Amino acid sequence: MRTFRLAAVALTLLAAARGETTPALTLDELLHQMATTRGVVAEFREVKELALLELPLETRGTLYFLPPDRLARVTRAPAATRLVLDGSRMRFEDATGASDVDLVDNPVARHFAENLMALWRGDRALLERLYKLDFHAEAARWELTLAPRSAPLDHFIASIRLRGDAAEMREMDLLEKDGDRTLTVFERSDVMHVFGEEEQRAIFGAPAAP
């Protein structure tokens with residue numbers, strides 16, 4: 001991955017030296033790159049600005065995605081938690097124990113989970129069914145704004161603004177209808193991570209029953 005990045009930088013500098021302009025990434029090209037990822041591991045820093053609180057809340061942890069539908073959000077600070085999405089199942093763990101949620105019976109949680117996984121799967125059809133898409137790019141750097149099309153997402157989400165560089169997501173800025181805002185910054189992303197069997201079980205647990 002590092003070699004690929006260095007080559008991309010070298011080509012960009014060479015094009016600049018020749019007076020050439022690097023073509024802007026298209027949405028289809030971005031989603032194709034997303035769809036070819038082997039797996040994603042990214043450190044994140046999340047800052048929540050809530051109307052009821054004077055100071056923002058900051059959370060740090062790691063996000064894992066294993067195509068096509070396994071995602072885990074593990075936090076280290078301010079508390080240790082684990083949220084695992086596996087198909088239509090969601091499991092949450094913290095110091096008090098663990099609980100399971102069926103996403104089929106929770107449409108809000110289901111659609112929000114579909115948002116993240118649809119992007120990393122490169123599923124344009126699903127994204128367009130859930131959101132109005134507004135995409136802009138300069139060379140490989142891009143910004144995609146998602147505006148919910150219908151209930152239940154449009155009841156509590158005003159917009160989701162995503163920014164990235166090629167297949168790497170850099171930021172997710174979620175603005176709620178009540179004015180609350182959550183900014184997630186992704187750091188040290190590995191978008192070609194290969195999960196071994198033991199690593200999969202340690203992060204996601206046993207696969208959900210078909």
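Me: How much accessible surface does the chain have, and what share of it belongs to carbon and sulfur atoms?
Reply: About 12,000 Å², with 55% of that belonging to carbon and sulfur atoms. Keep in mind that this is a predicted model.

Me: OK, and what does the secondary structure come to?
Reply: Six helices and eleven strands.

Me: What percentage of the residues is buried?
Reply: 37% of the 210 residues in the chain.

Me: And of the contacts between residues at least 6 apart in sequence, how many join residues at least 24 apart?
Reply: 43% of them.

Me: Let's go to the cores. Which residues touch the most other members in the largest nonpolar core?
Reply: That core has 37 residues, and the ones with the most contacts to other members are Leu-71, Leu-119, Trp-120, Trp-142, Leu-144, Ile-160 and Leu-162.

Me: Which helix gives that core its largest share?
Reply: Helix α3, residues 107–121, which supplies seven residues.

Me: Take Leu-144. What does it touch, skipping residues up to four places away in sequence?
Reply: Leu-27, Leu-119, Leu-133, Asp-134, Phe-135, Ile-160, Arg-161 and Leu-162.

Me: Switching to aromatics. How many aromatic pairs are there?
Reply: Three. One of them is Phe-195 with Phe-204, an edge-to-face pair at 5.7 Å centre to centre and 70° between the planes.

Me: Are those two buried or exposed?
Reply: Phe-195 is buried, at 8% relative accessible area. Phe-204 is buried as well, with 6% relative accessibility. The cut-off for buried is under 20%, so both qualify.

Me: Which rings make up the cluster with them?
Reply: Ring pairs link Tyr-64, Phe-195 and Phe-204 into a cluster.

Me: Where do Tyr-64 and Phe-204 sit relative to each other?
Reply: They are 140 residues apart along the chain, while their C-alpha atoms are separated by 8.8 Å. Phe-204 lies in helix α6, residues 197–204.

Methods: Residues are numbered from 1 along each chain as its sequence is written. This is a predicted model: local features need pLDDT of at least 70, side-chain atom pairs count only at pLDDT 80 or more; totals for chains, interfaces and linings use all residues. Side-chain values use heavy atoms; hydrogens and water are left out. Helices (H or I, at least four residues) and strands (E, at least two) are DSSP runs, numbered from the N terminus. Buried means under 20% relative accessible area, exposed over 50%, partly exposed in between (1.4 Å probe, protein chains only). Contact means heavy atoms within 4.5 Å. Accessible areas come from the Shrake-Rupley method with a 1.4 Å probe; for residues, only the protein chains shown count as cover. Rings of Phe, Tyr and Trp (its six-membered ring) pair if their centres lie within 6.5 Å; planes under 30 degrees apart count as stacked, over 60 as edge-to-face and the rest as tilted. A nonpolar core is a set of buried Ala, Val, Leu, Ile, Met, Phe, Trp, Tyr and Cys residues joined through side-chain atoms within 4.5 Å.
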